[in-house]
2 protein chains.
Amino acid sequence: MGRPAKLSRERLQTAALALVDAHGLAGLSMRALASELGSAPMTIYNHVAGRAELEVLVVEAVIGEADWSREPHDDWRDAVVAITVALWRAVRAHPHAIPLILTRRSRSTALLEASEALLDALARSGRSGRELLIAFRTVTGFVMGIAQAELAGPLSVAADEPADVVIGRFRALPRFRYPRLIEIADAAATSDAEGELRAGLALVIAGLDAGLDATPSPSRRRLPVAQ
Amino acid sequence: MGRPAKLSRERLQTAALALVDAHGLAGLSMRALASELGSAPMTIYNHVAGRAELEVLVVEAVIGEADWSREPHDDWRDAVVAITVALWRAVRAHPHAIPLILTRRSRSTALLEASEALLDALARSGRSGRELLIAFRTVTGFVMGIAQAELAGPLSVAADEPADVVIGRFRALPRFRYPRLIEIADAAATSDAEGELRAGLALVIAGLDAGLDATPSPSRRRLPVAQ
DNA sequence: ACCTGAACACCGTTCAAGT
DNA sequence: ACCTGAACACCGTTCAAGT
């Protein structure tokens, strides 16, 4: 069979992502990848230091699909939305890779790029230093948390079990004990994911907006802050 | 070496968590756990269906450490803060278990309990149905995302490498290319984690507060802001 | 410079057998 | 009801050897 015998980082990358997409994280192994590419397991080590680096390659491939810079945005809020929605879409397109993304992202230059762009937008809200750090942590935490929650949270929809199974499990909970959970399980059954993301993001941005009133003086604030 | 030969779910649970805490996720294996408890690997299967169930046990142990119900809170904002901070502290005390928690939490009854309590607090902000779902997703996404980000994000502090190594890696980035990342890396080096969490949470809650103005139907109300 | 087979030290889990 | 050893089908990675 005319198998291209030449291996390359790029071929490893796309084949690895394909494996993860098709068979889940457990499907990604040096041996499986090698046989997929028609070569010996050890050949892979000529292009990649080990499994960890392979995983970073997968993360890069996923994040690389995010394209947030179609047009520039005058309003920093629009820029924040554009970047986070683009990231979320890319991540969501590869649900099996999410644990990898959460775990290996600090090594991905594609994500560094996105992070810098997001920071740039947030800085335009008038923040710097620690305030900027907190805004950054809040937004990225939110996006990653939402992406993850959808996959594996109590109301998971994207996991390996079909949505109605998960929601059914919730409906089966003792009604008197978890009335609220059952209420939102019903709501979750009929709502679209991106709509939820955007609505949540709007809340976060509203918070970022409100936070601007109180910021400059470090001592007293109007927000329910710790201590 | 008077080893108690009797195995029990509870002994498995604490031993498994101890293994994860001490040696990381990779340190948790049926075989390692068995030898830790002085029994044969297969004995474990008499108390637990398999590795997946063992992992849920670990999640339960971690979440079970969160205690948010010391006193009731009149203000829903205070309740939200109390619950999320308690969860965050418990999770943060076991950083190696975080991937497990993100992945297996939908099976943990301890987390169901916490979720219901959080929903209860959020419902007191005047939300229900889809609005409640979105508020819930936003807050839980935020907390989990932050906990995870701290461990593995671009500014990770809790990973297996010491903080100064990570931050040093950032300082080594091309300054002209990632100026904002370098700026917050400096801020991250001197800031405390719980302070960041609470400040971010304050932003989210401010957003939840602001969101009340815009709500379409009956629950429009202008609550006096905290304090 | 790139590829590879054999081997090592691990996994989770099935099965049949013990008490 | 609880425990267990042997075995199966996997892992990632080292090493020595090939081209």
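## Fold of chain A

Among the contacts in chain A between residues at least 6 apart in sequence, 65% join residues at least 24 apart. The model is predicted. Chain A has 10 helices and 0 strands. Of the 227 residues in chain A, 52% are buried.

## How the two chains are related

Two copies of a chain are related by a rotation about an axis and a shift along it.

## The interface

The contact between the chains involves 66 residues of chain B and 66 residues of chain A. About 5,900 Å² of area is buried between chain B and chain A, and carbon and sulfur atoms give 64% of that area. On the side of chain B, the residues that lose the most area to chain A are R137(B), R180(B) and L203(B), which together make up 12% of what that side buries.

Charged and polar groups also pair across the interface. The rule finds 8 salt bridges between chain B and chain A. R137(A) forms a salt bridge with E196(B), and their closest N and O atoms are 2.4 Å apart. For polar contacts across the interface of chain B and chain A, the rule finds 13 residue pairs, both residues being at pLDDT 80 or more. Six elements of chain B give two or more residues to the side that touches chain A: α5 (98–104), α6 (109–123), α7 (129–152), α8 (163–171), α9 (179–189) and α10 (193–214). Of the elements on that side, α7(B) gives the most, with 16 residues.

L203(B) is found in helix α10 of chain B. Is L203(B) buried or exposed? The relative accessible area of L203(B) is 8%, which is under 20%, so L203(B) counts as buried.

Leaving aside neighbours within four places in sequence, L203(B) is in contact with R127(A), I134(A), A135(A), T138(A), G207(A), L208(A) and G211(A).

## The nonpolar core

In soluble globular proteins, nonpolar side chains tend to be buried together. The largest nonpolar core in this model has 146 residues. Which of its members touch the most other members? They are L33(A), L122(A), L33(B) and L122(B).

Apart from neighbours within four places in sequence, L122(A) is in contact with V80(A), R127(A), L132(A), A135(A), F136(A), V139(A) and L208(A).

## S125(B), a buried loop residue

S125(B) lies in the loop between α6 and α7 of chain B. With a relative accessible area of 0%, S125(B) is buried.

What does the side chain of S125(B) reach at 2.7 Å? It reaches the backbone oxygen of L122(B). The side chain of S125(B) is also joined to the side chain of R127(B) by a polar contact of 2.9 Å.

Note on methods:
Residues are numbered from 1 along each chain as its sequence is written. Chains are lettered from A and ligands numbered from 1 in the order in which they are written. This is a predicted model: local features need pLDDT of at least 70, side-chain atom pairs count only at pLDDT 80 or more; totals for chains, interfaces and linings use all residues. Side-chain values use heavy atoms; hydrogens and water are left out. A nonpolar core is a set of buried Ala, Val, Leu, Ile, Met, Phe, Trp, Tyr and Cys residues joined through side-chain atoms within 4.5 Å. Buried means under 20% relative accessible area, exposed over 50%, partly exposed in between (1.4 Å probe, protein chains only). Contact means heavy atoms within 4.5 Å. Buried area is the accessible area (1.4 Å probe) that two parts lose on being put together, summed over both. A salt bridge is a side-chain nitrogen of Lys or Arg within 4 Å of a carboxyl oxygen of Asp or Glu. A polar contact is a pair of N or O atoms within 3.5 Å; within protein, one must be able to donate a hydrogen and the other to accept it, and residues adjacent in sequence count only if both atoms are side-chain atoms. Helices (H or I, at least four residues) and strands (E, at least two) are DSSP runs, numbered from the N terminus.
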